[in-house]
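Here is a briefing on one protein chain.

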Amino acid sequence: MAETATSNNTNTEHKSSTQQPPSLSQSLTNAIKLVESSPSDATEALIALQTNVANASIFSTSDTLQDVSTSALTLLSIEHHLGMSYLNASTTSSVTRKKKVLRALELFHYYLRQLEQLGVLEDEKTVLKEYHDILDSEEDNDDNDSSNNHNRKKGIMMTGAQIRESKIQRFRLKKQTNEELQHLQALQDRRNRLGLDDGEDLDGYDDESLQRNLALKVLKCCALESLEEIYSCNKEMEMIDMAIEMEKRREEMERHRGGTGVADGKVRITLFTAQHVLIYFFMVCRIIIWFGRGLKQTIF
């Protein structure tokens, strides 16, 4: 992201403190490119980036949105992209997949909570309401569930009509946000073509305000994606828990039968097949969801 414009009388100490975020931002850009093509490499890069940002003390718990420099805004999205890299990673067992999905859920919640605390979503009442509805639903479900089998907050307790309505609202808002983002990107292209100075206005934006609004729109787009993934992850967890339960039953049957005999082999094959049918079914559903998103973006 472009460096924040500084005046000639800016002291040396301030300059040195604002030089680090752009290099970190470039590292983030490079890592994002790997999230789909090489999620394991993306995960490693994003975790290292988390450490570097923490060591540089770029953010603090007392920060407001005004305290965060424009060049550092994109670094707020690290947790969102890290969550996506965990979801895109391949796994060899349902237990391992569960750990990755749980970690992704934690990261999506952290990202949305951080945006809310900074006030990034202050004008996005629909997003905040939906996120709070999710939190309230998970909390109510946790209170109503006396067991602790899953070691996590239970799925989102919403009716089918509520889920459909929130999905429609989220789609419309995402479409609107993407259009606003494209408009700002077009303004940036025009500024570059015209060779305007940083302080010159174009459609009400100088370079600093345009860069800041661009960064904020990207964060809001990621917030909407995080909401979508929270819903998807909770659905996936239901499938994974079913698969894990089948694994346990298979192991118990094998243990009781001593792991030998033709009958044991039939049971093992049956349970193995049923478990993987569930996993493959959800994988297909997830592919359809991703395809649907791309198709919607193409149509609209």
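Asp-197, Asp-198, Glu-200 and Asp-201 form a negative surface patch. In such a patch, each residue has over 30% relative accessible area and no salt bridge, and like charges are joined within 9 Å. Asp and Glu count as negative, Lys and Arg as positive, while His and the chain ends are not counted. The place of a charge is taken as CG of Asp, CD of Glu, NZ of Lys or CZ of Arg.

The model is predicted: local features need pLDDT of at least 70, side-chain atom pairs count only at pLDDT 80 or more, and totals for chains, interfaces and linings use all residues. Residues are numbered from 1 along each chain as its sequence is written, and side-chain values use heavy atoms, with hydrogens and water left out.

**The patch in place**
- Asp-201 sits in the loop between α7 (160-194) and α8 (207-257).
- Asp-201 is exposed, at a relative accessible area of 56%. Exposed means over 50%, buried under 20%, and partly exposed in between (1.4 Å probe, protein chains only).

**Overall fold**
- The chain has nine helices and zero strands. Helices are DSSP runs of H or I with at least four residues, strands are E runs of at least two, and both are numbered from the N terminus.
- Along the sequence the pattern reads α-α-α-α-α-α-α-α-α.
- Of the chain's 300 residues, 41% count as buried.
- The chain exposes about 17200 Å², and carbon and sulfur atoms supply 52% of that area. Areas come from the Shrake-Rupley method with a 1.4 Å probe; for residues, only the protein chains shown count as cover.

- Take the contacts between residues at least 6 apart in sequence: 70% of them join residues at least 24 apart. A contact means heavy atoms within 4.5 Å.
- Met-242 belongs to helix α8. Met-242 is partly exposed, at 42% relative accessible area.

**Positive phi**
- Most residues other than glycine have a negative phi.
- Ser-57 has a positive phi, near 50°. Ser-57 lies in the loop between α3 (39-55) and α4 (78-88), and is exposed at 57% relative accessible area.
- Asp-203 also has a positive phi, near 55°. Asp-203 is in the loop between α7 and α8, and counts as partly exposed at 49% relative accessibility.

**Salt bridges**
- Side chains of opposite charge can pair when their charged atoms come close.
- The structure holds 11 salt bridges. Each needs a side-chain nitrogen of Lys or Arg within 4 Å of a carboxyl oxygen of Asp or Glu.
- Lys-217 and Glu-180 meet in one of them, at 2.4 Å from N to O. Lys-217 lies in helix α8 and Glu-180 in helix α7, so the pair ties together parts 37 residues apart in sequence. Lys-217 is buried at 14% relative accessibility, whereas Glu-180 is partly exposed at 28%.
- Arg-190 pairs with Asp-203, with the closest N and O atoms 3.3 Å apart. Arg-190 is partly exposed at 32% relative accessibility.
- Glu-245 and Arg-249 form a salt bridge at 3.7 Å, N to O. The two are four residues apart in helix α8, so about one helical turn separates them. Glu-245 is partly exposed at 37% relative accessible area, and Arg-249 is partly exposed at 48%.

Definitions and conventions: Patches are made of residues with over 30% relative accessible area and no salt bridge: like charges are joined within 9 Å, nonpolar side chains (Val, Leu, Ile, Met, Phe, Trp, Tyr) within 5 Å.
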